[in-house]
Amino acid sequence: MATSTMGRQPLSEVSGEAPRRHEPDDWADELAAGVNGPQVVNDSKTPSGTVHVGSLRGPVILDTIWRALRARGIEAHLLYGVDDLDPMDAQALLTPDAIDREMGRPLAHVPDPAGDCHESYARHFAGIFIETFRGLGIVPERYYWMSDIYPTGDMDSYIRAALDRAQVVRAIYRRVANVQHPDTWHPLSVICESCGKIGTTIVTKWDGARVFYECRETLVTWAKGCGHSGWVAPFGGRAKLPWNLEWAAQWSLLGVTIEPCGKDLSTAGGSRDRSDAIAREVFEREPPLNVPYEFINIGGKKMSTSRGRGAAAHEIVEVIPPEQLRFFFLRPKPNTAVDFEPNQTDAVPRLFDEFDRFAAATAGKPVRGEIAPGFEGTFRYSLLDRDADVAADAALFRPAFSHLALLLQIPNVDVAARVEAEKGSPLTERETDILNERVRAARAWLATYAPERAIVAVRENLPADAVAALADDQRQYLGALADAALSTEATPASGEAWQDLIFAVAAEAGLLNGRAFAALYAAFLGRTNGPRAGWLLASLDAGFVTDRLRTAAAAAAAPQVPA
RNA sequence: GGGCCGGUAGCUCAGUGGCAGAGCACGGGACUUUUAAUCCCUUGGUCGUGGGUUCGAAUCCCACCCGGCUCGCCA
């Protein structure tokens, strides 16, 4: 089965009676096949700054797992936590006078730096990532905010357990992560009653009802404590668990059964190992299934907002619309590191082509070559709308990215009309949206990443090398075309008129069409191929065209290379 | 130093014990108006290296080399 989906039954015919699948699954379906009972899929994030593309693989994987569970008929819930009691530890977005005051305070208590719209720093930046997720079709059933949960008292029993078993916690840190805390260290951060900071406090005693804490000036380098100390009952929102314990407590509180996490946390002796051990030994619950995932690199380097030209996250989003971005994150298995090099390569057009191939295969159309196992799932989970009619969506007309990139460079082309002609019928509303989205992406691609060979530019001067490489009859053809153009009553003005003339002269000269076009592209673009030649010539000044044809016709042939 | 991922055709990658594959690129051919389209054909690999297991290894085991990311304080 090398060339098509031949032999594969349409889904509708299979789903009624076939209890087993013949087709291999994609990784998410495989995962879903391996679990039993209702599932709670969870992840959480500290709202400390803006999100960038590189950090979106996790959420997409999370959402895909949930969709795959649902597709299999498993009861599944998707939760997303906002760790907004975490201390403010990045000063980049603060004004200088706010740094001293705000660094170390819970993010939920820091004012919105944007000023007006949100009640806190945390709400502002969480709002951004919630919006970003929504834009990618990731809509959890519920976002839960730790600043809401602690005051309800729901975390109190976990706080109590952590304090009662402080010695166990210290032993876990020592054993699993080789981190040695002092014997007086307790796993809890109190919000200082005096300065309101949480990142600067340390608990040293626990009497079963209250803790003794100190707000130390030099506990951390990034924030300065006020020196206050005292006894306080650490419940109902007055304190929070440190990261590894909070994570494990969330699993118990919410009944989490699956939680993916990035390789930075999944590493041996890392955060996940610590939290797993804490879940088992302190909260006495098996930790959720981990799905470790690798990161995305750009040109072999870590993705960042401040890379060189073309590698910055915001530029990448401009050339990769949401569904292609989901596809990009989903297609490889989670534990596969992906290196993406968009700059001066055809990586972006290829991503679109791959997506379109998956769509075509899902629609039951024949596709060239082999296609990855589980392609239907991969395509389905790439769609923004999780309830989309997959078959209908797969069958939509999607213009090829590189074709659009070409059309966009030719003057006076009605792209929508050309695409419609290609399809053979009017575009639907959704197809028009897809077209517009791709046109935007293609423009951005041409402006940032496109390699030289994708750029069509009429050369100001004769591309001598390309013309010299032509055969004699091809050069003669160019001269003949100039003569023909000048001898007509008026030089051809329309693309169609030029196109007719190109073919007519070629026929007269007994030149194959392909060789005639190649000669034209060489003379004007210095390449062997290009956009529809008639329309290209029509967009240029007529005098320039005939001059160039004559010059090219008169140019010398390439010297024969001695054998 | 620990961990993870990768090394298979020029490029991007699939291939978890049974004759080394696909797409693209390259080369050749077809086509009298979709010409960066479409169709046909061809070329191309010491599966990172060295051992081991096996009737049989890209695939399993061991060691190593190379590339990259990540961790060791905090989250």
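E354 and R331 join their side chains in a salt bridge, at 3.7 Å from N to O. E354 sits in helix α14 (residues 347-362) and R331 in the loop between α13 (322-330) and β13 (338-340), so this pair ties together parts 23 residues apart in sequence. The model is a predicted one. In total, it holds 26 salt bridges. Side chains of opposite charge can pair when their charged atoms come close.

**The loop partner**
- R331 is partly exposed, at a relative accessible area of 35%.

**A buried pair between helices**
- R438 and D356 form a salt bridge through their side chains, at 2.7 Å from N to O.
- This pair links distant parts of the chain, with R438 in helix α19 (residues 429-448) and D356 in helix α14, 82 residues apart.
- R438 has a relative accessible area of 1%, so it counts as buried, the limit being under 20%.
- D356 has 15% relative accessibility and therefore also falls under the 20% limit for buried.

**A partly exposed pair**
- R216 forms a salt bridge with E214, and their closest N and O atoms are 3.0 Å apart.
- R216 has a relative accessible area of 32%, which makes it partly exposed.
- E214 is partly exposed too, with 23% relative accessibility.

**A network**
- Which residues are linked in a network of salt bridges? They are E323, D393, R398 and R430.

Technical notes. Residues are numbered from 1 along each chain as its sequence is written. Chains are lettered from A and ligands numbered from 1 in the order in which they are written. This is a predicted model: local features need pLDDT of at least 70, side-chain atom pairs count only at pLDDT 80 or more; totals for chains, interfaces and linings use all residues. Side-chain values use heavy atoms; hydrogens and water are left out. A salt bridge is a side-chain nitrogen of Lys or Arg within 4 Å of a carboxyl oxygen of Asp or Glu. Buried means under 20% relative accessible area, exposed over 50%, partly exposed in between (1.4 Å probe, protein chains only). Helices (H or I, at least four residues) and strands (E, at least two) are DSSP runs, numbered from the N terminus.
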